[in-house]
Amino acid sequence: MWFIIRHPCSGGADSLLSSNDDSNNGNCGDGIDNDNGGKADEDDPDCYANPSTFQGYDPSRTEANRDNDL
Ligand SMILES: [Ca+2]
Ligand SMILES: [Ca+2]
Ligand SMILES: [Ca+2]
């Protein structure tokens with residue numbers, strides 16, 4: 001079992017558990033703007049099942065389209 005330790009300096013949103021290893025998951029949970037579109041993860045429509053309404057956030061999705069998060 002792996003417990004998440006809260007770092008005092010991390011002011012990030014208390015989102016879902018972040019995995020710190022390379023898995024087959026997408027890159028919507030790493031806090032990085034992987035497609036260089038300007039928005040990362042929860043701010044990137046790529047990470048939502050319904051981007052138009054920003055519903056269905058899923059960290060296993062993948063940022064791939066840099067044109068939709070300007
Ligand atoms: Ca990301
Ligand atoms: Ca992005
Ligand atoms: Ca994007």
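User: What percentage of the residues in the chain is buried?

Analyst: A residue counts as buried if 20 or more other C-beta atoms lie within 10 Å of its own, as exposed if 12 or fewer do, and as partly exposed in between, with C-beta atoms placed from the backbone. Here buried residues make up 16% of the 70 residues in the chain. This is a predicted model, in which local features need pLDDT of at least 70, side-chain atom pairs count only at pLDDT 80 or more, and totals for chains, interfaces and linings use all residues. Residues are numbered from 1 along each chain as its sequence is written, while chains are lettered from A and ligands numbered from 1 in the order in which they are written.

User: How many helices and strands does the chain have?

Analyst: Both are DSSP runs numbered from the N terminus: helices are H or I with at least four residues, strands are E with at least two. The chain has 0 helices and 2 strands. Strand S1 covers 48–50, and strand S2 covers 55–57.

User: How should I read contacts, and which residues does Gly26 touch?

Analyst: Two residues are in contact if their C-beta atoms, placed from the backbone, lie within 7 Å. Gly26 is found in the segment before S1. Neighbours within four places in sequence aside, Gly26 is in contact with Pro59, Ser60, Arg61 and Thr62. For the chain, 44% of contacts between residues at least 6 apart in sequence join residues at least 24 apart.

User: Why is Gly26 classed as partly exposed?

Analyst: Gly26 is partly exposed because 18 other C-beta atoms lie within 10 Å. Asn34, also in the segment before S1, is partly exposed because its count is 19. With neighbours within four places in sequence left out, Asn34 is in contact with Asn27 and Glu63. Asn34 and Asn65 are 31 residues apart in sequence, and their C-alpha atoms are 9.4 Å apart.
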